Amino acid sequence: MDFGLVLQTDPPASGVVDLMKRAEGAGFTYGWTFDSCVLWQEPFVIYSRILAETNTLRVGPMVTNPGTRTWEVTASTFATLNDMYGNRTVCGIGRGDSAMRVAGRKPNTLARLGEAIDVIRDLAEGRETRVDGEPVRLPWVREGRLPVWMAAYGPKALALAGQKADGFILQLADPYLTEWMVKAVRQAAADAGRDPSDVKICVAAPAYLTADDSPQALAHAREQCRWFGGMVGNHVADLVSRYGEHSGAVPEALTEYIKARKGYDYSHHGRTDNPDTAFVPDEVVDRFCLLGTAERHVAKLRQLKELGVDQFAAYAMHDAREEVIDGYGERVIGELGD
């Protein structure tokens, strides 16, 4: 199993770079960041520094979208970084939540997302494709390689990930939901004539290490990570709006908890003090995240690995970022790393 670190690009950018360097030293092989250029600093500028100051770490957004940049700009940016640092980027992509909504736009359609996946990958790898009906190629690309990993929850998005993406990003760590969604992605890949094992599986969720399993320690960990249930709830609310509350299209283990959700202010997005996540119950925080001692983390990660998960990406938006990086390096990665 590979391990990734996920950060927001809060200023100063040097702090993000330093944490990614620390993560590589601890054994992490991927460095991911949010991509919402109104809420945080521009990630692609920071990737250049991270790549320059690390040796093998792969970097990319979790996730970008087809709407905030034109596709040739996205592809050229990835291809430039790869040309400079040796094919060490990965394009995480989705419909767009915060990046689109804070700018007053709706998330992209799945049809647009599917087209963008093909175009961005083709351009970044040097192949000619069509952009708005016109043939386009980046003539300077040589031996470019850009894996495109897609974030998804709903049945149509999971099917698209299986049909087109090089990897599937699931932003929660509940074993039951992971098994359900991985099966859907791999079935879609098989139906499309692909080898299902070619689609890499990345589970991404907050990881918070505690010294013991006392009620006080676990309560603090939950409060530091409750924001994540609110973030996931934005996507779940879209699914409920699209498919209905009891349609069977999406497991109720995913949708049931948002009944008390009343709204969401993106100015608190991904923050531990987010006031719009009080509706998230402890049980959901425990299911969606990795909390507690290193032994607890290892046990849950073993479950996920058995379900076919290739990478765990640890969100570190809390008050113990360095402790998670160092603790995983000392007590977790060695137990599960390939």
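**Before you start**

The model is predicted: local features need pLDDT of at least 70, side-chain atom pairs count only at pLDDT 80 or more, and totals for chains, interfaces and linings use all residues. Residues are numbered from 1 along each chain as its sequence is written, and side-chain values use heavy atoms, with hydrogens and water left out.

**Stop 1: strand β11**

Select residues 311-315, strand β11. Helices (H or I, at least four residues) and strands (E, at least two) are DSSP runs, numbered from the N terminus. Five of the five residues of β11 are buried, so the strand is largely enclosed by the rest of the structure. Buried means under 20% relative accessible area, exposed over 50%, and partly exposed in between (1.4 Å probe, protein chains only).

In a regular strand the side chains alternate between the two faces of the sheet. Colour Gln311, Ala313 and Tyr315 for one side of β11, then Phe312 and Ala314 for the other. Both faces are covered.

Strand β1 (residues 2-7) pairs with β11 in the parallel sense over five bridges. Two strands pair if DSSP finds at least two bridges between them. Pick Leu5, and its bridge partner in β11 is Ala314. Next, show strand β9 (residues 200-209), which runs parallel to β11 and is joined to it by five bridges. Here Cys202 has Gln311 as its bridge partner in β11.

**Stop 2: the largest pocket**

Select Gly94, Arg95, Gly96, Asp97 and His235. About 540 Å³ of space lies in the largest pocket. Of the 33 residues that line this pocket, those five are the closest to its centre: Gly94, Arg95, Gly96, Asp97 and His235.

On a 1 Å grid over the protein atoms alone, a pocket is an open set of points with protein on both sides within 12 Å along at least five of seven lines; a cavity is a set where a 1.4 Å probe fits but cannot get out; lining residues have an atom within 4 Å of a point. Grid points are joined across faces, edges and corners, and a volume is the space filled by probe spheres set on the points.

Show α4, β7 (148-151), α6 (155-164) and α8 (215-243): each supplies at least two lining residues. The largest share, six residues, comes from α8. The lining divides into 16 nonpolar, 10 polar and seven charged residues. Ala, Val, Leu, Ile, Met, Phe, Trp, Tyr, Cys and Pro count as nonpolar, Asp, Glu, Lys and Arg as charged, and the others, Gly among them, as polar.

**Stop 3: the second largest pocket**

This pocket holds about 220 Å³ of space. Select Asp2, Tyr30, Trp149, Lys200 and Asp310, the closest to its centre of the 14 residues that line it. Its lining has five nonpolar, one polar and eight charged residues.

**Stop 4: the cavity**

The structure holds one cavity of 30 Å³ or more. Select Leu239, Val240, Tyr243, Gly244, Glu245, Ser247, Val250 and Thr255, which line the largest cavity. The largest share of this lining, three residues, comes from α8.

**Stop 5: Asn108**

Go to the loop between α4 (98-101) and α5 (110-124), where Asn108 lies. Asn108 is buried, with a relative accessible area of 5%. Its side chain makes a polar contact with the side chain of Arg112 (3.0 Å). Another, of 3.4 Å, joins the side chains of Asn108 and Asn65. A polar contact is a pair of N or O atoms within 3.5 Å; within protein, one must be able to donate a hydrogen and the other to accept it, and residues adjacent in sequence count only if both atoms are side-chain atoms.
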